[in-house]
Amino acid sequence: MKITIEGASEEFAEKLVALAAQHRAELTVIDTAWTVDRAERYLRSLPAGARKFAGLVVLTGEGYAEADQLRSVLGKLNGPTVALSRAIPRGVREGWWPEGTPAPITVVYDPDNPSWQKANAYQMASENVPVFREAFARLYPDATDKIALPWRPEPVSLKSYLGFTDDREEEQP
């Protein structure tokens, strides 16, 4: 028998394990929450376009990005979204996170239109945004708002890299 309890507090989980032990039952508590280590592994496993997509949702959008805005920066979203969805089962296969770990970025559709449609936006649960921001800071340790890109000799603004602003000073002749 397998019982899954999601979103339980650590205190509740401890009480449940103690209760099961009193009845000589075997009970395993599996934590499917995103941690900074898991988020960093997830981001590292993504190709550049999908990592940029995640950065737009997490860093620029604070957990929410309009699909049209993403399309204006990335073009078609098929590649990045497929890469995002394939990263979850790959992580389970590789043992990076347990089965049942939710996708960190989910699609938002128009609830009034149940038929096929383009995505309206992409979002991340609010409790995961700081976790993924920290993971991005680990990936780009110079500063949370700066990254060093291999094809540019100087650090550039992360927002600039993601296609929203370019805060570098213009070169003077």
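At what angle do helix 3 and helix 5 pack, and how far apart are their axes? This is a predicted model, where local features need pLDDT of at least 70, side-chain atom pairs count only at pLDDT 80 or more, and totals for chains, interfaces and linings use all residues. Residues are numbered from 1 along each chain as its sequence is written, and side-chain values use heavy atoms, without hydrogens and water.

Now the helices, which are DSSP runs of H or I with at least four residues, numbered from the N terminus; strands are runs of E with at least two. Helix 3 (residues 48–60) packs against helix 5 (residues 78–94) at about 90 degrees, and the axes are 8 Å apart. Axes are lines fitted to C-alpha atoms over the stretch in contact, and angles run from 0 to 180 degrees between N-to-C directions. The two helices are therefore roughly perpendicular, a term for 65 to 115 degrees. Helix 3 brings G49, A50 and F53 to the contact, and helix 5 brings P80, T81, A83 and L84; contact means heavy atoms within 4.5 Å. Five of these residues are nonpolar, two polar and none charged.

Most residues other than glycine have a negative phi. E62, not a glycine, has a positive phi of about 55 degrees.

Last, confidence. pLDDT is the predictor's confidence in each residue, from 0 to 100. The protein chain has a mean of 80, with 75% of residues at 70 or more. Residues 144–156 stay under 50, and residues 165–173 are also below 50.

Technical notes. Angles under 35 degrees count as roughly parallel, over 145 as roughly antiparallel, 65 to 115 as roughly perpendicular and the rest as oblique. Ala, Val, Leu, Ile, Met, Phe, Trp, Tyr, Cys and Pro count as nonpolar, Asp, Glu, Lys and Arg as charged, and the others, Gly among them, as polar.
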